[in-house]
Amino acid sequence: MLSASTKISAFLLVLVFLASVLAVPSNVALAQQTETAEEGGFKARADILLSILENVKERIGETLEELEEKNVTIPGEAKTSYEKGLSIAGEAVKLRDEGKY
């Protein structure tokens with residue numbers, strides 16, 4: 001039988017996967033349409049990926065808040081991974097803003 005922390009970690013992983021799968025198809029066509037120049041194409045793709053990232057980040061944040069409101073203990077490893085992901089996302093935004101796609 002799986003522990004509560006294992007179930008929560010699995011749930012969060014599935015949530016992230018579903019959020020990314022649901023968000024990609026509607027935005028892929030937009031990236032293909034806007035690719036008129038190589039740099040413009042890279043920028044459009046970066047913008048789309050960062051938009052998807054922002055949506056996923058919001059959903060995970062809301063889920064974590066709901067779990068904490070219900071007094072569900074979130075494993076430290078899950079929190080650490082989430083915070084590491086936020087840090088990497090911040091670096092991605094910084095690089096995009098500098099024109100490094």
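Visitor: What should I know about the model before we start?
Guide: It is a predicted model: local features need pLDDT of at least 70, side-chain atom pairs count only at pLDDT 80 or more, and totals for chains, interfaces and linings use all residues. Residues are numbered from 1 along each chain as its sequence is written, and side-chain values use heavy atoms, with hydrogens and water left out.

Visitor: Okay, how much space lies in the largest pocket?
Guide: About 480 Å³. A pocket is an open set of points on a 1 Å grid over the protein atoms alone, where a 1.4 Å probe fits, with protein on both sides within 12 Å along at least five of seven lines. The volume is the space filled by probe spheres set on the points, which are joined across faces, edges and corners.

Visitor: Which residues lie nearest its centre?
Guide: Val16, Ile60, Ser81, Tyr82 and Gly85, out of 20 lining residues. Lining residues have an atom within 4 Å of a point.

Visitor: Which helix gives the largest share of that lining?
Guide: Helix 3, with eight residues. Helix 1 (4-33), helix 2 (38-69) and helix 3 (76-97) each supply at least two. Helices here are DSSP runs (H or I, at least four residues), numbered from the N terminus.

Visitor: Tell me about Tyr82. Is it buried, exposed or partly exposed?
Guide: Tyr82 counts as partly exposed because its relative accessibility is 23%. Buried means under 20% relative accessible area, exposed over 50%, partly exposed in between (1.4 Å probe, protein chains only). Tyr82 lies in helix 3.

Visitor: What is Tyr82 in contact with?
Guide: Lys57, Ile60, Gly61 and Leu64, leaving aside neighbours within four places in sequence. Contact means heavy atoms within 4.5 Å.

Visitor: New topic. Which residues make up the largest nonpolar core?
Guide: There are 10, including Ile8, Leu12, Ile60, Leu64 and Ala78. Helix 2 gives the most to this core, six residues. A nonpolar core is a set of buried Ala, Val, Leu, Ile, Met, Phe, Trp, Tyr and Cys residues joined through side-chain atoms within 4.5 Å.

Visitor: And what does Leu12 touch?
Guide: Thr63, Leu64 and Ala78, not counting residues up to four places away in sequence.

Visitor: What about Leu49, buried or exposed?
Guide: Leu49 counts as exposed, because its relative accessibility is 57%. Its place is in helix 2.

Visitor: Last one. What follows helix 3?
Guide: Gly99, whose phi is positive, near 85°.
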